[in-house]
Amino acid sequence: MPSLGNLTVLTGPSGVGKGTIVRKILDNHSDVWLSISATTRQPRAGEIDGEHYLFIEKKEFQKIIDKEGFLEWASFSNNFYGTPRKIVNEKLEQGTNVLLEIELEGARQIRKSFPEALQIFLAPPNLSELEKRIRGRGTETEDAIKNRLAIAHKEIIAKKEFDAVVINENIDKAFREIEDLMGLKSN
Ligand code: 5GP
């Protein structure tokens, strides 16, 4: 099925600043649509169901897997995360540019199903900076922080699989680089 809209995958370790960059893209480019993922993780303070994620139970998540309702899904730090298939396909068919903010395993699945998708890896300047950012967020337990850092290490090793690697040393610079890669015109 030919897709009319462009599909972009943004991956990078937890805490690297993907969320901030995504907000900037959406605020500056009304022609980009962000897919809202389903997750079994508990909402963080301030997160709204249907806006940041679709927060669902494990049972419900499994049902969607069984119905092949996810374009991709993965287990990350003891929770499940998945991209709803139907709405993303509909958006692409309508010619909308779709952005997925997902982790490494999901990005690999999308590479198979959508080889034409642009895959961008957002990397931290170094691991100690990443640790500072995850801790600074203050939303995770010590175990969860350690787990996320271990995953980050593995993800960073895989960055060479991506079409482009952007280092998030400065948020505005990283945003401009991603804008360019996506072919978006700056305002
Ligand atoms: P967090 O719990 O910090 O919101 O997200 C944890 C990780 O899951 C992040 O790297 C985020 O990009 C990723 N993630 C969010 N939604 C999805 C999804 O639908 N699929 C996959 N594979 N990863 C996701």
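Colleague: Why is Trp-73 called partly exposed?

Modeller: Buried means under 20% relative accessible area and exposed over 50%, with partly exposed in between (1.4 Å probe, protein chains only); Trp-73 has 32% relative accessibility, so Trp-73 counts as partly exposed. This is a predicted model, in which local features need pLDDT of at least 70 and side-chain atom pairs count only at pLDDT 80 or more, while totals for chains, interfaces and linings use all residues. Residues are numbered from 1 along each chain as its sequence is written, and side-chain values use heavy atoms, with hydrogens and water left out.

Colleague: Is Phe-61 buried or exposed?

Modeller: Phe-61 counts as buried, because its relative accessibility is 1%.

Colleague: What makes the pair of Phe-61 and Phe-80 stacked?

Modeller: Rings of Phe, Tyr and Trp (its six-membered ring) pair if their centres lie within 6.5 Å, and planes under 30 degrees apart count as stacked, over 60 as edge-to-face and the rest as tilted. The centres of Phe-61 and Phe-80 are 5.5 Å apart and their planes are at 25 degrees, so this pair is stacked. Phe-61 lies in helix H2 and Phe-80 in strand E6 (residues 79-84), so the pair ties together parts that are 19 residues apart in sequence; helices (H or I, at least four residues) and strands (E, at least two) are DSSP runs, numbered from the N terminus.

Colleague: How many aromatic pairs does this rule give?

Modeller: The count is eight aromatic pairs. In one of them, Phe-61 and Trp-73 have ring centres 6.3 Å apart and planes at 75 degrees, so the pair is edge-to-face.
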